Amino acid sequence: MPCDGFSRKRGFENRYARDKASHGDTILPMNAFWNSLEALLGLGVEPKDLTFIQISLRAIIVFLVTLIIMRLGHKRSLARKNPFDAVLLVILAAVLSRAINGSAAFFATIGGGVVLVLLHRLFAYLAFYSHGFGILVKGMADVIVRDGECDFPVMRRNHVSTHDLDEDMRLSAHTDDLSKIRVARVERSGDISFIKK
């Protein structure tokens, strides 16, 4: 019986040693990979000490990751249809540029960019199902011309002068006669749309 217990104990020790060795075998290549990645990207290096190669590699990785993250978002965010979409692009560019120039932690900054795009997508989803939430984050259109008559208080609130209205009317509605316009709106994107009579 003691012999059996001894052999069982020895078997556990052998298995533990085997597990430790195999675990160590996977750790060493991972450490080597991580160390080479740190050297290539200049992780943990002061921004002023980054080399041209390191910044170039960071830029390539950030570019590829940004393409992937933008695919997580939707196509309209690239069109800057309204301030809601423009804000994403401005903040995303500011955040991810810090990963390239080394002024912030590389992988944490990329993770922050992913979170921004997912938050934008969540807000767009909520705005689709809730008109009130859509107005809150995207704004609403304002009618500035109705049946050829300007609504000057609404134009003033939207900072649209009569000269701006005339210019957009010529460019978009292809007319310079206000009496031919049934409705003109300042859309959520800031563009002025026209419906002729």
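This note sets out numbered points on the architecture, cores, pockets and aromatic pairs of a predicted model.

1. Overall architecture. The chain of this predicted model holds 7 helices and 4 strands. Read from the N terminus, the order of elements is α-α-α-α-α-β-β-α-α-β-β. The chain has 197 residues, and buried residues make up 24% of them. Among contacts with a separation of 6 or more, 50% are between residues 24 or more positions apart.

2. The largest nonpolar core. This core comprises 14 residues, and V62, L96, F106 and V117 have the most contacts inside it. Two or more residues come from each of α1 (2–41), α2 (52–72), α3 (83–101) and α4 (106–129). The greatest contribution is that of α3, with 5 residues. For V62, once neighbours within four places in sequence are set aside, the contact partners are L96, A99, I100, F106 and I110.

3. A separate core. Another core lies apart from the largest one and has 13 residues. Its members include I144, L165, A184 and F194.

4. Is I110 buried or exposed? Its relative accessibility is 10%, below the 20% limit, so I110 counts as buried. Beyond residues up to four places away in sequence, I110 touches I61, V62, V65 and L96.

5. The largest pocket. Its volume is about 190 Å³. The lining consists of 11 residues, and T66, M70, L92, A93 and L96 lie nearest the centre of the pocket. Helices α2 and α3 are the elements that give two or more residues to this lining. By class, the lining residues are 8 nonpolar, 2 polar and 1 charged. L96 deserves attention in two contexts, being listed among the residues with the most contacts inside the largest core and among those nearest the centre of this pocket.

6. The second largest pocket. About 160 Å³ is the volume of this pocket. Which residues line the second largest pocket? They are F84, V87, L88, I91, L116, L119, H120 and F123. Here α3 and α4 are the elements that give two or more residues to the lining. The classes are 7 nonpolar and 1 polar, with no charged residues.

7. Aromatic pairs, F123 and F133. The whole structure contains 4 aromatic pairs. One of them joins F123 and F133 in an edge-to-face arrangement, with 5.4 Å centre to centre and 85° between the planes. F123 lies in helix α4 and F133 in helix α5 (residues 131–138), so this pair ties together parts that are 10 residues apart in sequence. F123 has a relative accessible area of 28%, and is therefore partly exposed. F123 is also one of the residues lining the second largest pocket.

8. Aromatic pairs, F128 and Y129. These two residues form an edge-to-face pair, with centres 4.9 Å apart and 90° between the planes. Why do F128 and Y129 count as exposed? The cut-off for this class is over 50% relative accessible area; F128 counts as exposed because its relative accessibility is 67%, and Y129 because its relative accessibility is 60%. Ring pairs link Y125, F128 and Y129 into a cluster.

9. Helix α7 (residues 162–173) contains S172. With a relative accessibility of 45%, S172 counts as partly exposed. Leaving out residues up to four places away in sequence, S172 touches I192 and F194. F194 is also named among the members of the core of 13 residues. D191 is 19 residues from S172 along the chain, and the C-alpha atoms of the two are separated by 9.9 Å.

Methods:
Residues numbered from 1 in each chain as written. Predicted model: local features only at pLDDT ≥ 70, side-chain atom pairs only at ≥ 80, totals over all residues. Heavy atoms only, no water. Core = buried A, V, L, I, M, F, W, Y, C linked by side-chain atoms within 4.5 Å. Buried < 20%, exposed > 50% of the residue type's maximum accessible area, 1.4 Å probe, protein only. Contact = heavy atoms within 4.5 Å. 1 Å grid on protein atoms, 1.4 Å probe; cavity = no way out; pocket = protein on both sides within 12 Å on 5 of 7 lines; lining within 4 Å. Points joined across faces, edges and corners; volume = space filled by probe spheres on them. Nonpolar A, V, L, I, M, F, W, Y, C, P; charged D, E, K, R; others polar. Phe/Tyr/Trp six-rings, centres within 6.5 Å; stacked < 30°, edge-to-face > 60°.
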